[in-house]
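This report goes through a few local features of one protein model. Keep the sequence and the 3D view open while reading.

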Amino acid sequence: MSTFIIVLRVASLLAFAAPLLLTAGGRGRKRSRSGDRRRGDLTPVLANFAAFGLFLALLAFFAGNAKGLAALLLAVCGCLLAATGAALVLWSRAELGSAWSFVPVADQGTGLVTTGPYRFVRHPIYLGLSMLAMGEALAFSSWPAVAIVLAAIVPTFVWRAWAEERLLADTLGERHTIYRKQTKMIIPHLLRGTAGISTRPSSSDGQSFFPVGVSEAAMEPDRQAFVRVGVSLLLLAAALLALTCIVPVRNWRTGESGDRPLPLVRGGPHVDRPSRVWIDTDAACNGVHADPDDCFALLVLMSSPDVEIVGISTVFGNAPLSVVDRTTRDLVGRAAGRSDILVHSGSSTALGAERTASLEPAHAALERALEHGPLTIVSLGPLTNVAATLRRRPDLADNVGLLVSVMGRRPGHVFHPAEGRNSGGILFGHGPIFRDFNFSKDRTSAAIVLDRVKRITLTPYAAAREVMVTRRDLARMKSGPRTAAWLAERAGPWLDYWQEDNGLPGFYPFDALAALYVLHPQQFSCARVSAWIAEDDRLPVLWRVALGSTGLLVGSESDRPQITRASGAVTYCGGVGDDLKDLLIGVLTRQSP
């Protein structure tokens, strides 16, 4: 399939050779005997060429993946549209004959070409070139190129047509007025009053390489029709984008790129973890956009007698640091019997590239805890506190017995939780697109940690989407211990958001899985894989623009590119057992009041 898509893209490029034939016969034309020869404005011509230059650059640098049914459908439609546009250009050029000129010129002795496509529109060459450009943009699945066609190429064509028609109206007078009333501008039955007129070779004509007309007071265009065309083009672009979302292919249904699966093993590979645990959190746990999963994770770990929590640090992320501090201290205070756990305030912003950074209380506390022996660090937010500590004290990296972090993805994986499973989402069952949040908030810190910590386990989105907390689960928590009931109440708005915007009956408890991995690693399916931070060229272009192209990616060693910002080996837990959700709710509802 990929080979066929590439062939179609090459074919659309070959169709672009048609406009080059416009230059043939465009020079050495006979001058009019009348000598009243006028030259048009070159400004719109230059603007049009600049738009095409930008278009070709975006087409080259922002081509979509040549894989999947969506890319195939776009390539077929785009290639057909480009070929049709090229055919229209060549037909129009043949009708013009020697009347065509590279620079818009006209004289009184010139006749009008009204045969072929000029019977219906006055600028069929512009129409053909617009179709050709749009076809290539679709064939290459390049949405930035589509935007340039609609926002730059088509408007500059219209500008050129209006300028050209002003020239012809001034030169030809009544002949041009009559022809204008009998034909449309560029798109039949939608515009009137400009574009693509051609003249016979008896003298200079008003046709240029990319014909586009400009109105004058004596012949104003139908502005309402022009608005209708503009709106139609925007609706067409929106419809094409929407159609790609409902194509039944794996990449749109699950967000995954269709790579071969990783060799995940249930309960493995075995990872030793120190019983001393440090929790690093960006808990907000209140409101529509403040997911409660950090608080789920905190309660899970504080309820376990098998771990010794030696400290909790706060970090910016889901909310400003002041909100995270307040929420975390409130939760720890409500957890009966664990008020001895100290909460340390950490980083309020991402770590800068420079080596100097302020020493926050959390950094000093984590440093002291590592000096006393190996730790299991459960990182529920950006890795800023951990990276700041290890950059200050790189000798302590060996005492990180295990770092569990909630981040990482396969190349090309897009996180849209609805995954086409319910038509109640924003667009045909596709709700909001999520970032790899903890990584994207501080990429510098992620690179430092990946380079220095040898024992890292990732519990990513891919695993969290297999567990869903529903309203029924929250009802169980409300009837349980006080802290669990408090958390269930705070989780209500977050569940409402998931139901309304994602069309799902519940939400994924992302950070809670990191806590459950520390307590029950046998419930996870994991593999030892390579991890790297680099540009993700497998990510669809639209999402590179919206989400950023750099990712913390995992795969086999052969998948790792030569140029990376950081790399290492990690344990990637991309799957979970069927009963993990029941285990989660059971732990929370068994808490002491």
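## Terms and model

Helices and strands here are DSSP runs, at least four residues long for a helix and at least two for a strand, and they are numbered from the N terminus. The model is predicted.

## Backbone features

The peptide bond that joins Gly268 to Pro269 is cis, and its omega is near -10°. Pro269 sits in the loop between strand E3 (265-266) and strand E4 (276-281).

Ser141 is not a glycine, yet it has a positive phi of about 50°. This residue lies in the loop between helix H4 (124-139) and helix H5 (143-172). Ser141 has a relative accessible area of 10%, so it is buried. Cys285, also not a glycine, has a positive phi of about 55°. Its place is the loop between E4 and helix H9 (293-302). Cys285 counts as buried because its relative accessibility is 0%.

## The largest pocket

The largest pocket holds about 520 Å³ of space. It is lined by 22 residues, and the closest to its centre are Asp291, Phe434, Arg435, Phe437 and Phe510.

Twelve of the lining residues are nonpolar, five are polar and five are charged. Helix H13 (437-441), helix H17 (482-502) and helix H18 (510-519) each supply at least two residues of this lining.

## A nonpolar surface patch

Phe4, Val7, Val76 and Leu80 make a nonpolar surface patch of about 360 Å². Helix H1 (2-15) and helix H3 (68-96) each contribute at least two of the patch residues.

Val7 belongs to helix H1. With a relative accessible area of 48%, Val7 is partly exposed.

Notes
Residues numbered from 1 in each chain as written. Predicted model: local features only at pLDDT ≥ 70, side-chain atom pairs only at ≥ 80, totals over all residues. Heavy atoms only, no water. Patch = residues over 30% accessible without salt bridge, like charges linked within 9 Å, V, L, I, M, F, W, Y side chains within 5 Å. Areas by Shrake-Rupley, 256 points an atom, 1.4 Å probe, with all protein chains shown as cover. Salt bridge = Lys/Arg side-chain N within 4 Å of Asp/Glu carboxyl O. Buried < 20%, exposed > 50% of the residue type's maximum accessible area, 1.4 Å probe, protein only. 1 Å grid on protein atoms, 1.4 Å probe; cavity = no way out; pocket = protein on both sides within 12 Å on 5 of 7 lines; lining within 4 Å. Points joined across faces, edges and corners; volume = space filled by probe spheres on them. Nonpolar A, V, L, I, M, F, W, Y, C, P; charged D, E, K, R; others polar.
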